[in-house]
Every structure is written in C-alpha cells, then in structure tokens.
Amino acid sequence: MRVVFLGLPGSGKGTQAALIATAAGVPHIATGDLFRQHVRDRTELGQTVRGYMDRGENVPDQLTIAMVRGRLQEPDAARGFVLDGFPRTLPQAEALDTLLQDLGAPLDCALYLEVDGELVIRRMTGRRVCPKCGAVYHVEAKPPKTAGVCDACGTALVQRSDDREDVVRHRIEVQWAEAEPLVPYYAAQHKLREVRGDGPVDEVAATVASALGLPSA
Ligand code: AP5
C-alpha cells in the first residue's frame with residue numbers, strides 16, 4: 001500500500017495515518033515528525049528548518065523533497081508506506097510522482113480528510129504530545145489516563161510550539177493555500193478519496209479503512 005494523506009493542519013492526518021499504517025503493516029512516515037527529530041538532534045537540517053516550523057510556514061520544497069527521497073529509499077518503505085504531511089505543495093507532489101515512477105512503485109491513493117477550520121483550531125490547541133515516544137493526545141477528545149503524563153512511557157506531555165492559536169491560524173492560512181491544489185491534482189489522476197474527518201476518531205478510522213479497501217482498524 002502506497003498512500004498519502006492530505007488535509008488541513010489538525011485534520012487528523014497523523015492520527016489516522018498511524019492507524020492505517022499499523023493495519024497495513026507499512027511504515028508511517030510523517031514529515032513533521034522527521035523535521036522535529038532533526039530539531040531535537042540539532043542537525044544542520046534541524047537548525048535550518050526550526051524557524052519555518054515555529055512561524056507555521058512550510059519548509060522550502062528542495063529541503064523537504066530531499067529528506068523524503070532519502071526516507072522512501074530505506075528498506076522498510078519497499079513494502080509500501082503511509083505518507084503524512086507530504087506532499088503539501090504541487091512541486092512536492094510532482095517530485096513524489098517522479099521518484100515513485102523511478103522506483104517502479106506508483107502511488108495507490110491520496111486520502112483527503114475534510115474538516116471545518118474552527119474545529120481544527122480546537123483540536124490543535126488541545127493537542128498534547130509525548131516528547132519521548134511521540135504519542136499524541138487531546139485534552140478533551142483523547143486524554144491520557146493520568147493528566148499530563150504519557151500512557152505509553154510515563155513521560156510528561158508537552159504542547160507543540162506551533163500549536164499556539166496564533167501560529168495555528170497562520171498555518172491554516174499559509175499552508176493550506178499551497179496544499180489545496182493537490183486535491184484537483186490527485187482527482188485528475190483518479191487517485192483521490194475524500195473522507196469527512198470531523199467525527200470521533202474510531203468513526204473516521206472506519207470510513208478511512210473502507211475508502212482504502214481495508215477491514216476496519
Ligand atoms: P506537521 O507535523 O505535519 O503538522 P500539520 O500538517 O500541521 O499537521 P498536524 O500534525 O498539526 O495535524 P494532523 O492533521 O496530523 O492532526 P493530528 O492527527 O495530530 O508539520 C509541522 C511543520 O513541519 C509544518 O508547519 C512545516 O513547517 C513543516 N513541514 C512538515 N511537512 C512539510 C512539508 N511537506 N513541506 C514543508 N514543510 C513541512 O490531530 C490533531 C489533534 O486532534 C490531536 O490532539 C488529536 O488527538 C486530535 N484528533 C485527531 N482526530 C480527532 C477526531 N476525529 N476527533 C477528536 N480529536 C481528534
């Protein structure tokens with residue numbers, strides 16, 4: 001299975017992509033997570049991208065494309081992948097098509113999670129993440145068993161620096177303007193599947209699985 005998830009920041013791409021990747025037995029590759037790891041590791045790429053991320057702007061295409069090209073050529077991606085947060089500009093989508101054509105493994109489908117803008121603001125300002133294992137929670141919709149503590153590894157949860165309301169609004173405005181043309185791009189290739197992303201996580205997951213021809217996760 002080779003799938004990309006499209007949608008507004010906070011539409012639930014990461015939540016749903018993780019479930020689908022587990023169900024399909026393929027890696028979940030999230031460009032935001034890869035960039036955050038570079039920032040934590042203080043790599044050269046991490047130092048370069050940090051400012052873009054904190055301001056809620058897209059990292060330049062050439063840096064993002066080079067990182068994804070390397071990741072998709074790692075052995076685990078040979079059996080397929082679920083891409084989350086990439087592509088999010090037309091040049092990224094075109095670069096992905098070229099790379100997959102070179103690898104002889106074309107994309108199966110682009111899944112677009114449709115949600116309302118005000119809903120994603122509530123979701124993102126309530127999101128808490130584990131800085132150690134990457135688990136994602138929400139203070140209302142998916143709280144941890146003990147407030148502020150990761151269920152999986154016991155680490156104190158944090159709020160992402162780009163989940164402040166002002167940055168979230170900027171991300172929606174700036175990033176979605178660049179990502180929206182991807183919907184007609186994949187529709188023209190007959191690869192687009194559109195799913196409403198505003199229900200509870202398990203209901204959305206069932207609809208996503210059905211759109212991808214998988215049994216419910
Ligand atoms: P990235 O980490 O990809 O951020 P994003 O696209 O803005 O997406 P999010 O992770 O914020 O949201 P999501 O849709 O995954 O929602 P989630 O499932 O977590 O990117 C961060 C930054 O990196 C970017 O700003 C940019 O600078 C850079 N970057 C990354 N990729 C790039 C690229 N390709 N090109 C250029 N720059 C790039 O859910 C959100 C919250 O809602 C969670 O708390 C969750 O628990 C909750 N939730 C989810 N689903 C539901 C539901 N159904 N009901 C109730 N709550 C729910």
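This is a predicted model: local features need pLDDT of at least 70, side-chain atom pairs count only at pLDDT 80 or more; totals for chains, interfaces and linings use all residues.

Residues are numbered from 1 along each chain as its sequence is written, and side-chain values use heavy atoms, with hydrogens and water left out.

**Exercise 1.** Work out where Gly126 lies and whether Gly126 is buried or exposed.

*Solution.* Start with the loop between helix H6 (117–125) and strand E5 (127–129): Gly126 sits there. Helices (H or I, at least four residues) and strands (E, at least two) are DSSP runs, numbered from the N terminus. Next, take the accessibility: Gly126 counts as buried because its relative value is 5%. The cut-offs are under 20% relative accessible area for buried and over 50% for exposed, with partly exposed in between (1.4 Å probe, protein chains only).

**Exercise 2.** Find the side chain that makes a polar contact with that of Arg127.

*Solution.* Then look for the partner: the side chain of Asp163 is joined to that of Arg127 by a polar contact of 2.8 Å. Such a contact is a pair of N or O atoms within 3.5 Å; within protein, one must be able to donate a hydrogen and the other to accept it, and residues adjacent in sequence count only if both atoms are side-chain atoms.

**Exercise 3.** Describe the two faces of strand E3 (residues 81–84).

*Solution.* Begin with one side, where Phe81 and Leu83 are buried. Now turn to the other, where Val82 and Asp84 are buried too.
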